[in-house]
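Welcome, and thanks for taking a look at this one. Please open the structure below and keep it beside you as you read.

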Amino acid sequence: AQAVEGVARYADTLRGHVNRCKLGKLKLVVGVPSGVVLGVFLFGDEACELVHYGMELVASKRTVYDVRDTMFTAVTYHELFKNAAEDAIAQIAEPSPSARAAITTSE
């Protein structure tokens, strides 16, 4: 099984800018090509509050496409999930050179 990691940094969110947050990261481990969220790694402000949403994504086998299409962020750190989902989707759409080589050799 192949996977990509969608990553988002707290500092790149609106809430991170407001709070001048320099530390913190969310990583979604995502199955390829399905986009199903397989795992969540999170550290930073309010991580103990945010991880429950990540656990629900994994438990319900939601995809990064679901996250992207249903996440309505205000000034919250939930923007991390949308940013990480978009990062993963970009990687699924444009595989890395090593992933392209693996696909080519398996055909």
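Predicted model: local features only at pLDDT ≥ 70, side-chain atom pairs only at ≥ 80, totals over all residues.

The protein chain holds five helices and three strands, and 33% of its 107 residues are buried. The largest nonpolar core has 23 residues, and helix α4 gives the most to this core.

**Overall layout**

- Reading from the N terminus, the elements of the protein chain follow the order β-α-β-β-α-α-α-α.
- Among contacts in the protein chain with a separation of 6 or more, 60% join residues 24 or more positions apart.
- The protein chain exposes about 6300 Å², and 57% of that area is supplied by carbon and sulfur atoms.

**The nonpolar core**

- In soluble globular proteins, nonpolar side chains tend to be buried together.
- Here, the residues with the most contacts inside the largest nonpolar core of 23 residues are Y10, L28, V64, L80 and F81.
- Two or more residues of this core come from each of β1, β2 (25–32), β3 (37–43), α2 (47–59), α3 (64–70) and α4 (79–93).
- Helix α4 provides seven residues, the most of these elements.

**L42 and A47**

- L42 sits in strand β3, and A47 sits in helix α2.
- L42 counts as buried because its relative accessibility is 15%, which is under the 20% cut-off.
- A47 is buried too, because its relative accessible area is 14%, again under 20%.
- Leaving out residues up to four places away in sequence, L42 touches Y10, K25, L26, A47, L50, V51 and L80.
- With the neighbours up to four places away again left out, A47 touches Y10 and L42.
- For distance checks, the C-alpha atoms of L42 and L28 are separated by 8.7 Å, and these residues are 14 apart along the chain.

**T13 in its loop**

- T13 lies in the loop that links β1 (2–9) and α1 (14–18).
- A polar atom of the T13 side chain lies 2.8 Å from the backbone oxygen of Y10.
- Apart from residues up to four places away in sequence, T13 touches Y77, E79, L80 and N83.

- L14, V18 and V75 make a nonpolar surface patch of about 250 Å².
- V18 belongs to helix α1.
- V18 counts as exposed because its relative accessible area is 54%, which is over the 50% cut-off.

**Residues to revisit**

- Y10 is among the residues with the most contacts inside the core; its backbone oxygen lies 2.8 Å from a polar side-chain atom of T13, and Y10 is also touched by L42 and by A47.
- L80 is likewise among the residues with the most contacts inside the core, and L80 is touched by T13 and by L42.

Methods:
Residues numbered from 1 in each chain as written. Heavy atoms only, no water. Helix = DSSP H or I, 4+ residues; strand = E, 2+ residues; numbered from the N terminus. Polar contact = N/O pair within 3.5 Å; in protein donor to acceptor, adjacent residues only side chain to side chain. Contact = heavy atoms within 4.5 Å. Buried < 20%, exposed > 50% of the residue type's maximum accessible area, 1.4 Å probe, protein only. Areas by Shrake-Rupley, 256 points an atom, 1.4 Å probe, with all protein chains shown as cover. Core = buried A, V, L, I, M, F, W, Y, C linked by side-chain atoms within 4.5 Å. Patch = residues over 30% accessible without salt bridge, like charges linked within 9 Å, V, L, I, M, F, W, Y side chains within 5 Å. Salt bridge = Lys/Arg side-chain N within 4 Å of Asp/Glu carboxyl O.
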